[in-house]
Amino acid sequence: MATQRTSIHGQWSSRLVFILAATGSAVGLGNIWKFPYITGEHGGGAFVLVYLLCIALVGIPIMIAEVMLGRRGRQSPINTMRSLLAEEGAHRGWSLLGWSGMIAGFLILSYYSVIAGWALAYVFRTGSGLFVGATADGVSAIFGEFAGSPERLLGWHTLFMLMTMIVVARGVRSGLEQAVKFLMPALLVILLLLVGYAMASGDFMHGVRFLFQPDFSRLDQGAILVAMGHAFFTLSLGMGSIMVYGSYLPKEASIASSAVIIALADTAVALLAGMAIFPIVFGNGLEAGAGPSLIFQTLPLAFGQMPWGSFIGGLFFVLLVFAAWSSAISLIEPAVSWLVENRGWSRVYASTMTGAVTWALGIASIFSFSGVTLQDIILSLVGGEGEPAAGGLLAMTVFDILDYLTANIMLPLGGLFIALFAGHVMSRESVREELAMRSPLMFRLWFGTVRTVTPVLVVLVFLSAIGVIGGE
Ligand code: PHE
């Protein structure tokens, strides 16, 4: 089967637009909400170092491979995999890669939208001056009360899902370009401002030491998998988002240098967010390991104290919503493009249906923030009472389970198979032709990495997480 020359869904007008869109996908809640809180939970510096190594040795090589597969297949991830495996004479099982990615997209978006809803709510809360002069305890209490009211979370989750599906229905290209061109730089400016504020009034050196001074004794066994999982999550890898964006990339555009630019921009945003947040944490005696509420408990404190804080804070959350929005779009695009291709549905219909499913799934995560565990849900479904589970899966919330399953298992597995497909299944000639790297040395370096270093690292991290190697 010959590969298509262009995608039926259209094409980016230039490489720059692709870089913007992929950066829009990569930069999101993962950088500003998740990175600081998991860094706080896993003890700082050593975790950050492992994360950075994963970006360099696993993330960037896989991003190049994933974009390359997308551009060669020029269809939704499922159909891209199908036509590539036919072209390379590979086993049909490889199309599972597209399927699992599509499912991961649904699962991630279901809770991603709930958290994006928090950011939406905080636009108004911060903007209206709610936090002016508030104490750390006051800010935490406000968040606790908010996260514990499912009906409010549901309202914001619904609004965010609607926003996402409207853009997806119109096609990812319209709207996205403007959003990323102006809003991402604006987000960067406010982050820099926050770092400046943290320098002036927080415990800046303590924050910086926490982030950049590795203390390996604080690296718990699960941390390495979380760091690697986050490298996938933050770069939008392993599930087809970057693949589908690659399928809209013009033929001549260079893939490798684009991937490096995207990864650098993404990493810079995450590190800046960390440098803004941790000085505030330590300066106010807050808990670095506070979990998913971390930015909602620290940043409002800063906005409540700085001059113009309500305005700057409101604007910050607006930009955070935009960052989340451009990521959410890419989470669902693999499914929508597949429905359009295979079912002949219109984009509007496909977006409505996928949006409805994701919205409904999201409801399960909403209750997680009122402390409802998997066991509570099972008991309420079957009826009956039980002792609260002390640990394990039953004691986890749906949010925790989905987050762990997607970021730490599905995305790294997807990425592993992308690396294996590009490195071992596709012929070297197809790969070389598609990437068209100018320097043969760079090609050999990347190809060697993606064939061996990357897959071996991913497997080692999995093995270490289940205790097969390096156990206690
Ligand atoms: N990269 C996005 C973020 O950091 C989340 C995402 C994951 C988007 C996977 C698409 C695919 O917020």
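This is a predicted model: local features need pLDDT of at least 70, side-chain atom pairs count only at pLDDT 80 or more; totals for chains, interfaces and linings use all residues.
Residues are numbered from 1 along each chain as its sequence is written, and side-chain values use heavy atoms, with hydrogens and water left out.

Trp446 also shows up in the largest nonpolar core, which has 169 residues; Trp446, Trp118 and Phe316 are the ones with the most contacts inside it. Such a core is a set of buried (under 20% relative accessible area, 1.4 Å probe, protein chains only) Ala, Val, Leu, Ile, Met, Phe, Trp, Tyr and Cys residues joined through side-chain atoms within 4.5 Å.

Now look at helix H5 (residues 96-127), which packs with helix H14 (residues 309-343) at about 160 degrees, their axes 8 Å apart. Angles over 145 degrees count as roughly antiparallel, so that's what H5 and H14 are. By class, their contact has 22 nonpolar, eight polar and no charged residues.

H5 has another partner, helix H7 (residues 150-170): their axes come within 7 Å and cross at roughly 105 degrees. That makes H5 and H7 roughly perpendicular, the word for 65 to 115 degrees. Among the residues making this contact are Trp118 and Phe124 of H5, plus Trp156 and Phe160 of H7. By class, this one has 13 nonpolar, four polar and two charged residues.

Definitions and conventions. Buried means under 20% relative accessible area, exposed over 50%, partly exposed in between (1.4 Å probe, protein chains only). Axes are lines fitted to C-alpha atoms, for helices over the stretch in contact, and angles run from 0 to 180 degrees between N-to-C directions. Helices (H or I, at least four residues) and strands (E, at least two) are DSSP runs, numbered from the N terminus. Angles under 35 degrees count as roughly parallel, over 145 as roughly antiparallel, 65 to 115 as roughly perpendicular and the rest as oblique. Ala, Val, Leu, Ile, Met, Phe, Trp, Tyr, Cys and Pro count as nonpolar, Asp, Glu, Lys and Arg as charged, and the others, Gly among them, as polar. Contact means heavy atoms within 4.5 Å.
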